[in-house]
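Reader: I am new to this structure and would like to learn how to read it. Could we go through it feature by feature?

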Amino acid sequence: MDAIRTNSLTKYYGRARGITDMNLTVEQGDFFGFIGPNGAGKSTTIRILLGLIAPSSGSAQVLGMDISRQKETILSHVGYMPSEASFYRNMRVRDVIKFSADLRRKDCRAEAQTLCERLELDVNRKIHELSLGNRKKVSIVCALQHMPRLCILDEPTSGLDPLMQREFYAILEERSKNGATIFVSSHILSEVQRYCRHAAIIREGRLLALDSTKNLGHTDTKRVRLRGTGRISDRLSSLLNLKDLQIDGDSVSFLYSGSLKELLNTLAALPLSDASITEPDLEEIFMHYYG
Amino acid sequence: MVMIRHELKEGRITLLIWTAVIAFMLSLCILIYPEMEMQMGDVSSIFAKMGSFSAAFGMDRLNFGEFTGFFGVECGNILGLGGALFAALLGISISAKEGREHTAEFLLTHPVSRRDILSRKLIAVFLQILFLNLFAVIITAVSIRAIGESPEIRPILLLFLAYFILQIEVASVCFGISAFLTQGGAGIGIGMAALLYFLNLAANLTDHADFVKYITPFSYTESADIIAGQCLDVKYLSAGLVFTIIGIGVGFCRYCKMDVLS
């Protein structure tokens, strides 16, 4: 049984495109990244999976159940963290967390306390007194306190300081080791590359790629960095398949997806003091896909 | 119970303020009655002969100089209009409030159906209306005793019952409207309550607008009719019941199917 499976999932908002013909599969126990530019359809996909919006066509199964027919059962096993955390302004943090647990009819006090301590969250403050980062922490606790089988997290670390980001991912990795499926939608590609085992890239409502992060990061494209003893950028004009050219004085950097032999022949003729040819990271792959 | 308790807690300040204000004004009106009665003299007959003004407020059929008649007119203004405004504000914010505070996403991603959430919110609204009206009854009873009057109880209780049903109807219709709003709505609620009040006044002024009485719930709270007839007007009540059911039904149908975008 897959944690998430969509079949030709499509959503239109009137005439505006949401997502088109999406076939997404996330295995149980996976740590999965969902990447795409603004407006690509990531939030639309997530909202359909949570039953917040209905698809125009297609279907979605979460934990083996159809979201249109067994929404409440699915949501009892899902923890969701939205990109913008909004709660009842005059409630205290502890009351919001308890309210969330009570709606699930579960006693989550022990786990909630542990999470609050690890995230350094003051439970006595009122929601309207909290910074964005602290509201995110409340959102994390509400999403994770009931030990869900599937965690869906939309831009989870935006607003968190680096220490908290590390602690947050440590918590997710522990959950993943215990069998939970983690589904993260993120713009921070370095995080996806570092923590996720698989990832999907979405653009303009369509799935462009779905593979392991290792394979996604492995392409024929190379990042080439050169430093010359003089100006060298002008002498690269003969190279085809050159993207993302960045010039900084005598230093040049670019993405190259052409013939390696042609590249080496061109570099051999340049007055270079240093050169490196590396695999591009996932962020560069992402730029390559929609740049 | 979790959802009901939460809604009651969220709305407690508003409920206490409205209850205090309406109860205070009711009590004040009753407490000044003895003073008014002394000075009334022939004023009540003058009030009854003021043409359209008298007809609009039923003072051509009520004796403003007697406690029950006085209470019927004053109660209509305070508990009728005040209670309707409160009920409208409660009803219109049932689902619009979640949109305004962007809490719908938080609430609706818990394992509770939208139908259950809405029904508990509606129950919480009805409980708040019940609390306000019960408190008004108690304060009225205490105030009447304080001034030493012993009016007939039945018409007064019927008045309170009529206003309670009116508030339930107004809240239910506003609940139906609320499902189409993503935020705000206070203006719509207040406007609707005021419109229904003035529709009844207009219907009292002319014989050519009888159909309006089937639209506005203030028709079955007409104190002159209740005090004279010692009962509520079933035909207007039935129309009110239909609007109540339609309001609740529309609200549920719309909210349970709509896309929640934030």
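Reader: How should I take the numbering and the limits of the model?

Author: Residues count from 1 along each chain as its sequence is written, while chains are lettered from A and ligands numbered from 1 in the order in which they are written. As this is a predicted model, local features need pLDDT of at least 70 and side-chain atom pairs count only at pLDDT 80 or more, but totals for chains, interfaces and linings use all residues.

Reader: What does pLDDT say about chain B?

Author: pLDDT is the predictor's confidence in each residue, from 0 to 100. Where pLDDT is low, the predicted coordinates should not be read in detail. Chain B averages 86, and 89% of the residues score at least 70. The model scores are ipTM 0.83 and pTM 0.84.

Reader: Which order do the strands take in the six-stranded sheet of chain A?

Author: The order is β7-β8-β9-β4-β10-β11 (chain A), in an open sheet with mixed pairing. β7 (78-81) and β11 (206-212) of chain A are at the edges with a single partner strand each, so one side of each is left without a neighbour in the sheet. Direction ignored, neighbouring strands of this sheet are turned by 15° against each other on average. Six bridges pair strand β10 (residues 198-203) of chain A with β11(A) in the antiparallel sense. In β11(A), Ser212(A) is the bridge partner of His198(A).

Reader: Which strands does helix α6 of chain A lie across?

Author: For angles, axes are lines fitted to C-alpha atoms, for helices over the stretch in contact, and the angle between N-to-C directions runs from 0 to 180 degrees. Helix α6 (residues 162-177) of chain A lies across β4 (31-35), β8 and β9 (181-185) of chain A, and runs at about 145° to β9(A).

Reader: At what angle do α8(B) and α9(B) pack?

Author: Angles under 35 degrees count as roughly parallel, over 145 as roughly antiparallel, 65 to 115 as roughly perpendicular and the rest as oblique. α8(B) and α9(B) pack at about 155°, with their axes 10 Å apart. That makes α8(B) roughly antiparallel to α9(B).

Reader: What is the handedness of the crossing of α8(B) and α9(B)?

Author: A crossing is left-handed if the near helix is turned anticlockwise from the far one by less than a right angle, and right-handed if clockwise. The crossing of α8(B) and α9(B) is right-handed.

Reader: Where does α9(B) meet α12(B)?

Author: Contact requires C-beta atoms, placed from the backbone, within 7 Å. The axes of helix α9 (residues 153-178) of chain B and helix α12 (residues 234-257) of chain B come within 7 Å and cross at roughly 30°. The two helices α9(B) and α12(B) are therefore roughly parallel to each other. Their crossing is left-handed. Residues of α9(B) in the contact include Ile165(B), Ile168(B) and Glu169(B), and those of α12(B) include Leu237(B), Gly240(B) and Phe243(B).

Reader: How many residues of chain A are in contact with chain B?

Author: 18 residues of chain A are in contact with 16 residues of chain B. On the side of chain A that touches chain B, α2 (71-76) and α3 (93-103) of chain A are the elements that give two or more residues. α3(A) gives the most, with four residues.

Technical notes: Contact = placed C-beta atoms within 7 Å. Pairing = 2+ DSSP bridges.
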